[in-house]
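Please keep the sequence and the coordinates at hand while reading.

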Amino acid sequence: MPSLVVIGAQWGDEGKGKVVDYLTSNADCVVRFQGGNNAGHTLVIDGVTTKLHLVPSGILRENTKCYIGAGVVIDAGVLLQELAGLRKSGVNVSPSRLVIDANAHLILSYHSAIDKAREEAKGVNKIGTTGRGIGPAYEDRASRSGVRLAELFALEDLKPKVLDNVNERNEYLSAVLKSSVRVDFKEVWSSIERAAEALCPHVGNVSLLVHEALKRGERVVFEGAQGALLDQSFGTFPYVTSSHTISGAALTGTGVGPGAIDYVVGVAKAYCTRVGSGPFPTELLDTLGDAIREKGGEYGTTTGRPRRCGWFDCVAMRRAIRLNGANSLVITKLDVLSGIEKIRVCIGYSLDGKKIEDIPALAGEYAKVVPVYIELDGWKENLSGITKWHQLPANARLYLSTLSEILACPISVVSVGAERASTLFSSGAEFLKSFVSGERP
Ligand code: IMP
């Protein structure tokens, strides 16, 4: 100990990669525990941009070990490409630095084929998935037909199972989804052989490694992907991802107990974005929404899709704080709001004329929710170059303190740019400050 969970508190893309990179300056290890290459974490260090989908964001800190836990689903081709890119930039990605749990499952080409064919079959009712096969891979884990990394050590035993899977999935693609796509067993099998050759040296027991690191008193960061509102159970179902994205998943996706978590930090943008379908009460469908998208570079790291943009939503955020047990929030991209004359904040919802306290369980009802806003004066100043909280314009500080008061949750850190230096601590951020400095919080 100490340990820290960094979690998305909205619909993903909150800037967790940057936050994890920042908070790991003195961390001993970083663990990814759910999701797969549907995630995209962008890091900008000394002007150089690195995009990661599977490798934990701590990889750019040379003394930090990186672990991929059993809760992650891995597309080996994407992981190998990512490792090759990092190696080319001089980053050490040897097995001594990157370990993947033997119980993590592989995403195979039939998973993405089914994901895409299903979305096509759904037409206008599609979820808007990333098409990376995430849902089908987690389905196979639940139905016990998935392929774990451990099985790469016994390829001859694995072969008949993969052949059965391919035949069954091809049948499903043609008979049920009416898709013309067929998966070729030979191709699937050669991707498995390539994965075995390159990844077996990285396969280990992440649960045990993290347990031992915590016992030695090392600093551990658990890095979440996506966001609380995309959680499989508590998100805005069915427009969610197929894993648990809340802090509890750090335990089940790594294989450690509840005592392993000291602190949970929720990461949220100073406004809201969402990719894919599903209700979004504070969405801005006007030129201001477009302006925020352009200024904030709100295009998916993984798919390039334009993100839907809207005002900060305190009802959704209260839910995220509760689901995660968040001790504090990190607010990112505050700089994007500079120049907006009046900034709105959603402080409540009404449904059929009645005030409601939380997100309704039915998407049809959520789509009918009307947001209740307050309006705050904006600020004109460009925030780039600001490195201290007190240098923020008064209205920007008022915006943050208003959010914190409405949410009854401290804001510990604010980010005003992509670079590490554009990260500002509030006066109450003792735990995180000492975590970063390497002192004992
Ligand atoms: P899937 O995870 O690809 O199945 O997609 C399910 C939903 O989650 C879709 O609305 C995606 O746009 C969304 N989603 C998945 N991963 C991310 C992410 O990393 N950021 C934002 N949205 C995501």
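Q: What is the volume of the second largest cavity?
A: A cavity is here, on a 1 Å grid over the protein atoms alone, a set of points where a 1.4 Å probe fits but cannot get out, whereas a pocket is an open set with protein on both sides within 12 Å along at least five of seven lines, and lining residues have an atom within 4 Å of a point. Grid points are joined across faces, edges and corners, and a volume is the space filled by probe spheres set on the points. For the second largest cavity this gives about 30 Å³.

Q: On what kind of model do these values rest, and how are residues numbered?
A: The model is predicted, so that local features need pLDDT of at least 70 and side-chain atom pairs count only at pLDDT 80 or more, while totals for chains, interfaces and linings use all residues. Side-chain values use heavy atoms, with hydrogens and water left out, and residues are numbered along each chain as its sequence is written, from 1.

Q: Which element gives the most to the lining of the second largest cavity?
A: Helices (H or I, at least four residues) and strands (E, at least two) are DSSP runs, numbered from the N terminus. The lining consists of Lys18, Asp21, Leu43, Val44, Ile45, Ala418, Glu419 and Arg420, and both α1 and β3 supply at least two residues of it. With three residues, the element that gives the most is β3.

Q: How many residues does α1 bring to the lining of the largest cavity?
A: The largest cavity, with a volume of about 50 Å³, is lined by Lys18, Val19, Tyr22, Leu23, Val330, Val413, Thr423 and Leu432. Counting Ala, Val, Leu, Ile, Met, Phe, Trp, Tyr, Cys and Pro as nonpolar, Asp, Glu, Lys and Arg as charged, and the others, Gly among them, as polar, this lining divides into six nonpolar, one polar and one charged. The largest share comes from α1, and its number of residues is four.

Q: Which residues lie closest to the centre of the largest pocket?
A: This pocket has a volume of about 760 Å³. Its lining draws at least three residues from each of domain 1 (3-91 + 205-437) and domain 2 (105-201), where the bounds come from an automatic or database domain assignment. Of the 40 lining residues, the closest to the centre are Asn38, Thr129, Thr130, Val240 and Thr241.

Q: How many charged residues are in the lining of the second largest pocket?
A: The second largest pocket has a volume of about 590 Å³, and of its 26 lining residues Gly15, Thr42, Gly296, Lys333 and Ala418 are the closest to its centre. α1 (16-23), β3 (41-45) and α9 each supply at least two residues. The lining holds four nonpolar and twelve polar residues, and its charged residues number ten.

Q: Is arginine 307 buried or exposed?
A: Arginine 307 lies in the loop between α9 (287-296) and β13 (308-310), and its contacts (heavy atoms within 4.5 Å) beyond neighbours within four places in sequence include Asp13, Lys269 and Arg293. Its side chain reaches the backbone oxygen of tyrosine 299 at 3.3 Å. Buried means under 20% relative accessible area, exposed over 50% and partly exposed in between, with a 1.4 Å probe and protein chains only. Because its relative accessible area is 5%, arginine 307 is buried.

How values were computed. A polar contact is a pair of N or O atoms within 3.5 Å; within protein, one must be able to donate a hydrogen and the other to accept it, and residues adjacent in sequence count only if both atoms are side-chain atoms.
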